[in-house]
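Student: I am new to this structure and would like a close look at a single part of it. Please show it to me first.

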Amino acid sequence: MGAIKCIGILTSGGDAPGMNAAIRAVTRTAIYNGFKVKGIMRGYKGLITGEIIDFTSSSVSNIIQKGGTILKTARCPEFREAEGRQQAYENMCKAEIDALVVIGGDGTITGAQTLAREFDVPIVALPGTIDNDLSGTDSTIGYDTALNTIMEAVDKLRDTATSHERLFFMEVMGNTAGYLALNGALASGAEAAIIPEMETETDQLKNLIDNGFRKSKNSAIVLVAENPATGGAMGLAERVKKEFPQYDARVTILGHLQRGGSPTASDRILASRLGAAAIAALKDGQRNVMIGIHNMEMVYVPFSKALGRSKQVNKDKVELVKILSI
Ligand code: F6P
């Protein structure tokens with residue numbers, strides 16, 4: 001491919017608050033630097049079906065405060081097939097798009113990695129997922145907003161948990177990672193976090209009961225990361241019924257509520273900085289990198305590293321949650 005004149009932008013996979021702020025930053029920084037911008041609707045699906053629209057500066061007016069994504073999003077099994085990617089590449093060429101900025105999580109970056117390898121397309125990715133499960137970046141767009149949503153939900157649940165003196169399991173998202181559960185527990189003062197990362201190390205439910213969470217309190221809220229392997233919060237409540245019938249356990253599943261809402265200041269700032277850095281990266285000849293934030297600085301992370309699961313939750317925080325809830 002020759003010099004980049006036109007940049008296509010898409011959001012893919014699960015939406016995350018702050019995606020719109022990122023779309024705005026990418027679009028306006030690109031236009032400021034003399035590039036044309038095209039918006040691709042519905043993620044990789046729109047590349048395959050050719051749903052591509054010209055973007056101007058006003059296309060992204062009044063969106064920084066909005067949750068969701070104005071470009072829509074989708075999960076796109078067709079893009080996992082070679083035929084789908086061929087069609088996507090042909091539509092990209094037809095629309096005269098020379099480079100892509102993709103915003104999403106691990107599935108989005110996996111798709112970008114394959115497309116870049118097969119067709120030599122310059123692609124820069126931005127980490128957009130509430131799960132915070134991409135390596136090479138301290139945070140992802142949407143994670144902070146989702147954490148705040150969880151915190152507010154626990155604050156509310158606390159009222160009824162205390163009144164009825166009950167044990168509550170609140171299930172939060174996270175894909176296969178425990179960032180939302182663990183940091184949500186720290187932020188809300190929950191009594192424990194049960195996360196997939198500790199699953200094989202210890203029986204987290206038994207520990208909770210053995211540690212006598214009722215020593216000083218009559219109620220507890222436990223944040224449970226979704227985990228199909230154990231059945232998440234429902235699975236734990238079932239176990240309590242059978243193994244610890246003396247407890248009156250209840251389940252709350254926060255679900256997709258965690259993906260909505262106006263992004264926090266922190267997510268808007270992160271998205272704006274990452275979006276601008278994506279254009280700087282393309283100008284700089286970078287390709288096949290995700291832009292991340294590390295120690296407050298923008299960093300370029302190769303796709304393979306971003307997907308490599310080298311980032312680990314800080315397991316010391318599990319103990320901290322326990323200490324702080326005595
Ligand atoms: O990756 C974001 C996420 O919200 C995960 O936390 C969750 O497991 C998944 O997406 C849910 O996906 P869907 O919206 O397709 O149900």
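Which strands does helix α6 lie across, and at what angle does α6 run to β8?

Tutor: Note at the start that this is a predicted model. Helix α6, residues 179-188, lies across β6 (167-172), β7 and β8. Its direction is at about 155° to that of β8.

The strands under discussion belong to an open sheet of 4 strands, in the order β7-β8-β6-β9, with parallel pairing. The edges are taken by β7 (192-194) and β9 (249-253); each has a single partner strand, so one side of each has no neighbour in the sheet. From one strand to the next, the twist averages 25°. As a general point, strands of a sheet pair through backbone hydrogen bonds, either parallel or antiparallel. Here β7 is joined by 3 bridges to β8 (residues 220-225), and the two run parallel. At the level of residues, A192 has V222 in β8 as its bridge partner.

The wider setting comes next. The domain assignment gives domain 1 (6-142 + 263-306) and domain 2 (145-259). The centres of domain 1 and domain 2, taken over C-alpha atoms, are separated by 33 Å. Contact between them involves 13 residues of domain 1 and 11 residues of domain 2.

The largest nonpolar core has 62 residues, and L180 and L223 are among those with the most contacts inside it, along with V101, L126 and I291. At least three residues of this core come from each of domain 1 and domain 2. Apart from this core lies another, of 27 residues, including I48, A88, F119 and A125. I291, leaving aside neighbours within four places in sequence, is in contact with residues that include V124, A125, L126, L274 and Y300.

At 1.5 Å a residue, its 14 residues should span 20 Å, and the end C-alpha atoms of α1 are 20 Å apart, which agrees. Of the 14 residues of α1, 10 are buried, so α1 is largely enclosed by the rest of the structure. Among the buried ones are M19, I23, V26 and A30. The cover over the buried residues of α1 includes the strands β1 (6-11), β2 (36-40), β3 (52-55), β4 (99-104) and β5 (123-127), together with α9 (265-283). After α1 comes G34, which has a positive phi, near 90°.

Key:
Residues numbered from 1 in each chain as written. Predicted model: local features only at pLDDT ≥ 70, side-chain atom pairs only at ≥ 80, totals over all residues. Heavy atoms only, no water. Pairing = 2+ DSSP bridges. Axes fitted to C-alpha atoms, helices over the stretch in contact; angles between N-to-C directions. Contact = heavy atoms within 4.5 Å. Expected span 1.5 Å × (residues − 1). Buried < 20%, exposed > 50% of the residue type's maximum accessible area, 1.4 Å probe, protein only. Core = buried A, V, L, I, M, F, W, Y, C linked by side-chain atoms within 4.5 Å. Domains from an automatic or database assignment.
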